[in-house]
Amino acid sequence: MGVIKFNHLTNDVLVDVGMERARQDRIHPDTLSLLERFPVLVEEVGEVGTALQTKNKANLYEELVQVAAEAVRMAEQVAEERGVMND
Ligand SMILES: [Mg+2]
């Protein structure tokens with residue numbers, strides 16, 4: 001894959017998502033099915049809603065990053081399973 005240049009804000013957010021993604025593997029290394037992961041994603045989305053309601057901008061950012069990282073984790077799993085199916 002080639003190198004993609006993002007604007008600095010996109011780059012900063014993606015770095016935070018990447019760090020959160022690495023943290024997930026450290027603190028939750030468990031292997032779950034996509035169906036088991038889905039409620040985790042939904043829970044994180046719910047936490048975004050709570051952060052919006054409480055107008056907590058710092059928490060809102062963290063929760064959005066957690067949603068993105070969980071979505072990345074699931075996308076990785078789909079890609080991996082697709083790769084296995086293509087073998
Ligand atoms: Mg959260």
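The model is predicted. The chain holds 3 helices and 0 strands. From the N terminus on, its elements run α-α-α. Buried residues make up 7% of the 87 residues.

**Overall layout**

- Along the principal axes, the C-alpha atoms fill a box of roughly 50 × 35 × 20 Å.
- Contacts between residues at least 6 apart in sequence were sorted by separation, and 63% of them join residues at least 24 apart.
- A residue needs 20 or more other C-beta atoms within 10 Å to count as buried, and 7% of the chain's residues are buried.

**Helix H1**

- Helix H1 covers residues 8-27, which is 20 residues.
- At 1.5 Å a residue, H1 should span 28 Å. The expected span is 1.5 Å times one less than the number of residues. The end C-alpha atoms of H1 are 29 Å apart, which agrees.
- H1 is hardly covered, as the count of buried residues among its 20 residues is 0.

**Helix H2**

- Helix H2 takes in residues 34-53, again 20 residues by its own count.
- Glu 47 is found in H2. Glu 47 has 17 C-beta neighbours inside 10 Å, so it counts as partly exposed. The cut-off for buried is 20 or more, and for exposed 12 or fewer.
- Glu 47 and Gln 66 are 19 residues apart in sequence, and their C-alpha atoms are 9.5 Å apart in space.

- Lys 55 lies in the loop between H2 and helix H3, the latter being residues 57-86.
- The phi of Lys 55 is positive, at about 55°, although Lys 55 is not a glycine.
- Most residues other than glycine have a negative phi.
- Lys 55 is exposed, because 8 other C-beta atoms lie within 10 Å and the exposed class takes 12 or fewer.

**Helix H3: Leu 60**

- Leu 60 lies in helix H3. Leu 60 is partly exposed, with 18 other C-beta atoms within 10 Å.
- Neighbours within four places in sequence aside, Leu 60 is in contact with Val 48, Ala 51 and Leu 52.
- Leu 60 and Gly 49 are 11 residues apart along the chain, and their C-alpha atoms are separated by 8.4 Å.

**Helix H3: Met 74**

- Met 74 also lies in helix H3. With 16 C-beta neighbours inside 10 Å, Met 74 counts as partly exposed.
- Met 74 is in contact with Leu 34, Arg 37 and Leu 41, leaving aside neighbours within four places in sequence.
- Between Met 74 and Leu 32 there are 9.8 Å in space, C-alpha to C-alpha, for a separation of 42 residues in sequence.

Note on methods: Residues numbered from 1 in each chain as written. Predicted model: local features only at pLDDT ≥ 70, side-chain atom pairs only at ≥ 80, totals over all residues. Helix = DSSP H or I, 4+ residues; strand = E, 2+ residues; numbered from the N terminus. Contact = placed C-beta atoms within 7 Å.
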